[in-house]
Amino acid sequence: GETGAGKEVIAQTVHARSPRRAKPFVVVNCAALPENLLESELFGHEKGAFTGAVATKPGLLELADGGTVFFDELGEMPLGLQAKILRAIEDKRVTRLGGTRPRTLDLRFVSATNRDLEEAIAARQFRGDLYFRLAGVTIEVPPLRARTSEIAPIARRFVELAARELGQSAVPSISADALARLEHYGWPGNVRE
């Protein structure tokens, strides 16, 4: 789905309505961190594993044990790290950087991207084996402009939240003309906009 279409909300809903709901929901933004830092964040590290590793730190995969890991912007994950993630998914184990003892994990992986990963596979920018491992169930999230029936409830919810934040006891209504204008707008930023 496009940026801002609600992919993370769907991932949170999948987690919240599952038997894993009492366990952690861990978000990994694959586009936000450089490869070397992302690897340490995902797998953790032992004290002294690299310059600056002054203490042992469990990784996000370890912290999510029993729960769900949500890879946001999966298409931005560096190729080198994709191989390591694939191995962790297949083996159901991780080893911290600088560590020697693998740790067994029970995780569900949910991922999101706004890129066409099949196109990225063809261009050798994404690993096909990782894609097929993660793409067991695919949900296409249409842009908000294709879900106009959701615009009025979303608008009303934002008006309600704004009224509460401003300390207003009554929630203002939205005129039919204003709703029509909202429904005819293109929403390039989707729900986030």
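Helices and strands, as named below, are DSSP runs numbered from the N terminus. The structure is a predicted model.

**Exercise 1.** Describe the largest pocket by its volume, the residues around its centre, and the elements that line it.

*Solution.* Begin with the space itself, which amounts to about 770 Å³ in the largest pocket. Next, consider the lining, which is made up of 29 residues, with Ser111, Ala112, Val137, Thr138 and Ile139 closest to the centre of the pocket. Then turn to the secondary structure, where α1 (7–16), β7 (108–111), α5 (117–122) and α6 are each found to contribute at least two lining residues. Finally, sort the lining of this pocket by class, which gives 15 nonpolar, six polar and eight charged residues.

**Exercise 2.** Characterise the second largest pocket by its volume and its lining.

*Solution.* Start from the volume, which is about 310 Å³ for the second largest pocket. Its lining consists of 14 residues, and Gly4, Ala5, Gly6, Lys7 and Val9 are those nearest the centre. As for the elements, α1 provides the largest share of this lining, namely four residues. By class, the lining of the second largest pocket comprises five nonpolar, three polar and six charged residues.

How values were computed: Residues numbered from 1 in each chain as written. Predicted model: local features only at pLDDT ≥ 70, side-chain atom pairs only at ≥ 80, totals over all residues. Heavy atoms only, no water. 1 Å grid on protein atoms, 1.4 Å probe; cavity = no way out; pocket = protein on both sides within 12 Å on 5 of 7 lines; lining within 4 Å. Points joined across faces, edges and corners; volume = space filled by probe spheres on them. Nonpolar A, V, L, I, M, F, W, Y, C, P; charged D, E, K, R; others polar.
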